[in-house]
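Subject: Structure for your files

Hello,

Here is the structure you will need for the next discussion. Please open it alongside this email.

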Amino acid sequence: MEIGMIGLGRMGGNMAQRLLNGGHRVVTYDQSAEAVAASQVQGAAGASSLEDLVRQLSQPRAVWVMVPAGQPTEDTIDSLIPLLSAGDTVLDGGNANYKDSMGRAEKLAGHGIDFMDVGTSGGIWGLTEGYALMIGGTKEAFQRMEPIFKTLAPGEEQGLSHVGPAGAGHFVKMIHNGIEYGLMQAYAEGFEIMEAKKEFGLDLTQIARGWRHGSVIRSWLLELAATALEEDPHFDNLEAYVEDSGEGRWTVQESIDLAVPAPVITLALQQRFRSRQDGPFGAKMLAALRNQFGGHAVRKTE
């Protein structure tokens, strides 16, 4: 099967390579000519423009978009519409807001073009381990694209879910990332408590390795924690600054809209905000209030 791949960032490039390794024909396009050239070395057919990419695909065409969420995705899909024909399929594997995906599906349907939102998890390891795919779209489009999905997934019957209509794939991926926030925060807090217990001289790397086997809390994230600790046992080379992709915020907002409590995910998101602050005002307010009502000591800046 053949597919066009737009966007050759780290994940997009790895996905293109996995598809090539699986025997598919892949036509690639990226604003970076160097990225396209690198994909050609791996066996892809490079394109010099969106028009060139579409021209190299046979009908019905399938075009996978892997560009940043928001306006870049919107602009790319809008540019594809006049180039494609009824019966073609556009797939978005980025971290788009599911409401945007629903709107794009409706827009493309007006031109007879199928849209599939493919929530994709696997990060930089997906090339070798495969990607978990959460797919939204019609059943017919899913069945047509299934050979592509099976190649990208960890196995033909593993990590591959057609979860519902257009929008459902990115919705499920949004919740997936919210859960990820909570899991990461729990590991971070637990290891920080152990790090603080100096009298035991705990070897956190050894503990992380041990928990990977037989433990109730074993997971891939724990395996990554063990690897990170092996590389830098006390994280001396890192700043305590944690970004968020936006999907945690969307998950929390959805919990509010649906009146479904999500305290763990919400607090994990708030902790990321706190990590970016230098001398947060709120903490200074707490110190000032304790001093005011109880005369408790405060630390003054020099």
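Predicted model: local features only at pLDDT ≥ 70, side-chain atom pairs only at ≥ 80, totals over all residues.

Residues are numbered from 1 along each chain as its sequence is written, and side-chain values use heavy atoms, with hydrogens and water left out.

The protein chain has 13 helices and 8 strands (DSSP runs numbered from the N terminus: H or I of at least four residues for helices, E of at least two for strands). Of its 302 residues, 41% count as buried, meaning under 20% relative accessible area with a 1.4 Å probe, protein chains only.

Helix α8 (residues 168-196) and helix α10 (residues 220-231) have axes that come within 11 Å and cross at roughly 45° (axes are lines fitted to C-alpha atoms over the stretch in contact, with angles from 0 to 180 degrees between N-to-C directions). L183, M184, Y187 and F191 of α8 make the contact with L221, L222 and L229 of α10, where contact means heavy atoms within 4.5 Å.

In helix α4 (residues 71-80), the buried residues are T73, T76, I77 and L80. They fall within an arc of 95° seen down the axis, so they line one face of α4 (the arc is that of the directions from the helix axis to the C-beta atoms). Their cover includes β1 (2-6), α3 (50-55), β4 (62-65), β5 (89-92), α5 (98-109) and β6 (114-121).

Regards

Notes
Buried < 20%, exposed > 50% of the residue type's maximum accessible area, 1.4 Å probe, protein only.
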